[in-house]
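Here is my note for your reading of this model. Keep the sequence and the 3D view open as you go through the points.

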Amino acid sequence: MSILQMPSVRKGRREFLRAGSLGLFGLTLSQLVEAREADKLASAMKTAPAAVTGNAGSGRKKKPRNCILLFMWGGPAQQDTWDPKPDAPPDYRGEFRPISTSVPGIQICEHLPKLAQRMDQLAVIRSMTHDSVDHTHATHYLLTGRDVARRGQPLYEDWPGYGAIISQLQRGRGPLPPFVSMMPEVINGSPRFVEQSHGSGAGWLGPQYEPLRIDDDATKADYLSSFSLRANLPDKRIDQRRDLLGSLNQQMQFLDQYREGAAVTAQTERAFQILADPTVRKAFDLADESPELRQRYGMNMHGQSVLQARRLVEAGVPLVTVFWPNDGITNVSVYWDTHSRNFIDLKDRLCPVTDQAFSALLDDLQDRGMLEDTLVVWTGEMGRTPKVGQSVVGGAGAGRDGRDHWGNVFSSVLAGGGVRGGTVYGASDRLAAFPESNPTPPADLAATIYTLLGIDPAHEIRDRLDRPLTLCDGKAIQDVMA
């Protein structure tokens, strides 16, 4: 676990309390000692909120929107999902057929039939592009809009992610933090490379803006076990834990040079708020949902995490990131990283799950009157090689039935609040190898996300050296905004 991560909410109550008592929600004593060497991680910046905008050029102020970011870690194959190439040679186009959608003239992969029926709600950007084939670096670019991550750099040097900026702007309501990351874990499953990726936290903005990370598998009966402290715990026992916290803090006075004292206090108080507020437990109680609705999302880790994200947004969390789970499968390519079995895994375990969960989310948000106020983003950090079996320098290779890493062109999808549905923006060439029109760097996607959330991409923040920096240097994509 990074020294700046909050604790996973799958921890037991003793560990959860210990996390709060030691400060930065998961920062152990030894890590605090290490943090002395990084005492300039972030300043508790008091920056005025970014200007809230309406549609670009409209001059109208709008209610700030929420965001659910569905992150398909690993790199979905663009030509096998949102950008089929039926006229390409067989070893490029692959095994799947395109199908028509609810919008005439737009086709997507046959294994996304539910989303095809909802194409009128989607804006697909088919010309996303960057030059990285490194998962952790490319993830930083997609989650921040900044191409500044270096291999091996500490996570606390990252550019702040979207949720951290929203936290710093003091959005959200209620006891829940304004930034939550769903990273469901399978114990003894495949490696969790997603945790090593950059851009998913607060970076140099400071630990007080880190997300609350949920590792629990929401399909399990004991999903809420980490909140069992709430069951019948008298106020006196909570007070006793506060007393214990005070004692522990006194014993750590030798760390007085550590400059995040304010952040420590804020994070600790947040831990107690989470433990003490019944609305928190309710937000995480998926049993409140009907079995029928849960089935619509899919009774799997991703589907239930997406449902959980909707409940969190409904409870006042302005940004929830749902990372694709590690699946717990060790004999196939993990996540969407289909170096082998590309077509088998896309057909059997990747496309059907995302098709069901994404489409259910759109319907659920619409039924609840939340879609106009909730932006949904579906993306990975890169795409896959144009040719099956093709390997690239810096990638991880490809089997005869796989595709290697490919950042030169890939697809991202927007839906919900402020998005012009039924839209395809940009195009890749005939082999899905490079952009043919409207090349779109992640900075432009970031600017679009910020604009749709009512945040000026040119909003100024200051880094730990007090230098003024703008959130994003990209340009919002007007063609995908309503």
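1. Is Ser-411 buried or exposed? Ser-411 is buried, because its relative accessible area is 6%. Buried means under 20% relative accessible area, exposed means over 50%, and partly exposed lies in between (1.4 Å probe, protein chains only).

2. A word on the source. This is a predicted model, where local features need pLDDT of at least 70 and side-chain atom pairs count only at pLDDT 80 or more, while totals for chains, interfaces and linings use all residues. Residues are numbered from 1 along each chain as its sequence is written, and side-chain values use heavy atoms, with hydrogens and water left out.

3. Now place Ser-411. This residue lies in strand E11 (residues 410-416). Helices (H or I, at least four residues) and strands (E, at least two) are DSSP runs, numbered from the N terminus. Contact means heavy atoms within 4.5 Å.4. Look at the sheet around E11. Eight strands form an open sheet, in the order E6-E5-E7-E1-E8-E11-E4-E12, with mixed pairing. Two strands pair if DSSP finds at least two bridges between them. Strand E6 (212-214) and strand E12 (423-425) are at the edges; each has a single partner strand, so one side of each lacks a neighbour in the sheet. From one strand to the next, the twist averages 15°.

4. One pair in detail. Strand E5 (residues 179-182) and strand E7 (residues 319-323) run in the parallel sense over 4 bridges. Met-182 stands opposite Val-322 in E7.

5. Helix H12 (residues 342-367) touches strands E1 (66-71), E4 (122-128), E8 (374-379) and E11, and its direction makes about 170° with that of E8. Helix H13 touches E4, E8 and E11, and its direction makes about 5° with that of E11. Axes are lines fitted to C-alpha atoms, for helices over the stretch in contact, and angles run from 0 to 180 degrees between N-to-C directions.

6. H13 also meets a helix. The axes of H5 (residues 135-144) and H13 (residues 442-452) come within 7 Å and cross at roughly 35°. Residues in the contact include Tyr-141 and Leu-142 of H5, and Pro-442 and Leu-445 of H13.

7. Check Asp-364 in H12. Asp-364 counts as buried, because its relative accessibility is 3%. Its side chain makes polar contacts with the side chains of Tyr-297 (2.7 Å) and Arg-310 (2.9 Å). A polar contact is a pair of N or O atoms within 3.5 Å; within protein, one must be able to donate a hydrogen and the other to accept it, and residues adjacent in sequence count only if both atoms are side-chain atoms.
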